[in-house]
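Q: I am new to this kind of description. Please show me what each term rests on, step by step.

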Amino acid sequence: MKNTISVKHLTKIYQKIKAVDNLSFDVREGEILGLLGPNGSGKSTTINCILSLLKYDKGEIKIFDQPMSPDAYEIKRQIGVVFQDVAVFEELNVYDNIDFFCGLYIKDKAERAKCVEDAIKLVGLQDFRKFYPKQLSGGLLRRLNIACGIAHKPKLIFLDEPTVAVDPQSRNHILENIETLRKRGATVVYTTHYMEEAEQLCDRIIIIDKGKIIASGTPTELKKLVKNKPIKEVSGPTLNDVFLELTGKDLRD
Ligand SMILES: Nc1ncnc2c1ncn2[C@@H]1O[C@H](COP(=O)(O)OP(=O)(O)OP(=O)(O)O)[C@@H](O)[C@H]1O
Ligand SMILES: [Mg+2]
């Protein structure tokens, strides 16, 4: 299987904190890869280094088999990013926000209008086209943030904790959207500290703590790492049990 991303020995130090500590991993074409870890474990820093938004101290990053760099525009055109903090324009309504971000990639008006409509439908904002961000609930705002990041139909999508502070209904909606994007052929990198989400959505999961990979594998493979709870039990191990087993800490703390 082809790798869409290859990360080798990535290290990022902020003053004294080693936020990312010698991380190496691949993201395979067409998969949803989860980066799972508690607050401050280095998930966002890893993503921002991969995207060349942050300078790093050591490491080699390739995307689509090409070295990634701040001026790798051909690669960047095929990437969509949904940042952890919602980043939309208060002055623009839902449609115009999506149109603005999509317009950074797609100049043709008719093609762009179709992409914007597709994104609105995907995230279920059909009834809110004319609403301004201030008029949207937290969950709807998150959906707008996602639509802005993916409207140009990128081949590779990064979603950094897109479901924080949304109700279960909106969360399920967002997870279904991501599944749909993958079905359309996108490769997805998804960060979260919710183990149930990672388990439900991801093909493979990398668990990180203090900038280091502590385990990786499919959800089932990871659960086998928990020794005292057989996997066939009805209430078998959760990914939190995996984290607890490997670090002695509770991911929910
Ligand atoms: N700009 C910065 N300057 C200094 N330290 C930083 C900076 N950004 C992040 N850090 C530190 O780097 C570490 C990793 O942070 P990062 O934001 O990557 O974690 P995270 O896993 O995304 O956390 P969260 O789940 O809270 O979003 C933390 O210790 C954080 O305090
Ligand atoms: Mg983060």
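A: The cover over the buried residues of helix 3 includes helix 4 (109–123) and helix 5. The residues in question are V94, N97, I98, D99, F101 and C102, within 94–103. Here, contact means C-beta atoms, placed from the backbone, within 7 Å. This is a predicted model: local features need pLDDT of at least 70, side-chain atom pairs count only at pLDDT 80 or more, and totals for chains, interfaces and linings use all residues. Residues are numbered from 1 along each chain as its sequence is written, while chains are lettered from A and ligands numbered from 1 in the order in which they are written.

Q: What makes L10 count as buried?
A: L10 has 23 C-beta neighbours inside 10 Å. The term buried asks for 20 or more other C-beta atoms within 10 Å; 12 or fewer is exposed, and in between is partly exposed, with C-beta atoms placed from the backbone. L10 therefore counts as buried. This residue lies in strand 1.

Q: Which residues is L10 in contact with, beyond its neighbours within four places in sequence?
A: L10 touches V20, L23, T46, C49, Y56, G59 and I61. Take V20: ten residues away in sequence, its C-alpha is 6.8 Å from that of L10.

Q: How do you know whether H9 is buried, exposed or partly exposed?
A: The count for H9 is 13 other C-beta atoms within 10 Å, so H9 is partly exposed. H9 also lies in strand 1. Its phi is near 55°, a positive value in a residue that is not glycine. Most residues other than glycine have a negative phi.

Q: What makes D65 buried or exposed?
A: D65 has 11 other C-beta atoms within 10 Å and therefore is exposed. D65 sits in the loop between strand 4 (58–63) and strand 5. It is not a glycine, yet its phi is positive, about 70°.

Q: What are helices and strands here, and how many does the chain have?
A: They are DSSP runs, numbered from the N terminus: helices are H or I with at least four residues, strands are E with at least two. On that rule the chain has nine helices and ten strands.

Q: Why is helix 1 called largely enclosed?
A: Seven of its eight residues are buried, so the rest of the structure largely encloses helix 1. The buried ones are K43, T45, T46, I47, N48, C49 and I50. After helix 1 comes S52, with a positive phi near 65°.

Q: What does helix 1 give to the shell around ligand 1?
A: Helix 1 gives three residues, the largest share. Among the 13 residues around ligand 1, Y14, A19, K43, S44 and T45 come nearest. Near means a C-beta atom, placed from the backbone, within 6 Å of the molecule.

Q: How do you know that strand 1 and strand 2 are paired?
A: Eight bridges join strand 1 (residues 3–14) to strand 2, and the two run antiparallel. Pairing needs at least two bridges found by DSSP. One bridge links N3 with R28. Both strands belong to an open sheet of four strands, in the order 2-1-4-5, with antiparallel pairing. Strand 2 and strand 5 (66–67) are its edges, each pairing on one side only.

Q: What makes strand 8 mostly covered?
A: Six of the six residues of strand 8 (residues 187–192) are buried. T187, V189 and T191 point one way, and V188, Y190 and T192 the other. Strand 3 (residues 32–36) is joined to strand 8 by five bridges, in parallel. Strand 7 (residues 156–160) also runs parallel to strand 8, with five bridges. There, L159 stands opposite Y190.

Q: What is the largest nonpolar core, and which residues touch the most other members?
A: A nonpolar core is a set of buried Ala, Val, Leu, Ile, Met, Phe, Trp, Tyr and Cys residues joined through C-beta atoms within 7 Å. The largest one has 66 residues, and I98, A119, A147, A151, V188 and Y190 touch the most other members. Helix 5 (residues 138–150) gives the most to this core: seven residues.

Q: How do you know whether the chain agrees with a compact globule?
A: For 253 residues, a compact globule would have a radius of gyration near 18 Å, and the chain has 18 Å, so the two agree. The radius is taken over C-alpha atoms, and the rule is 2.2 Å times the number of residues to the power 0.38.

How values were computed
Two residues are in contact if their C-beta atoms, placed from the backbone, lie within 7 Å.
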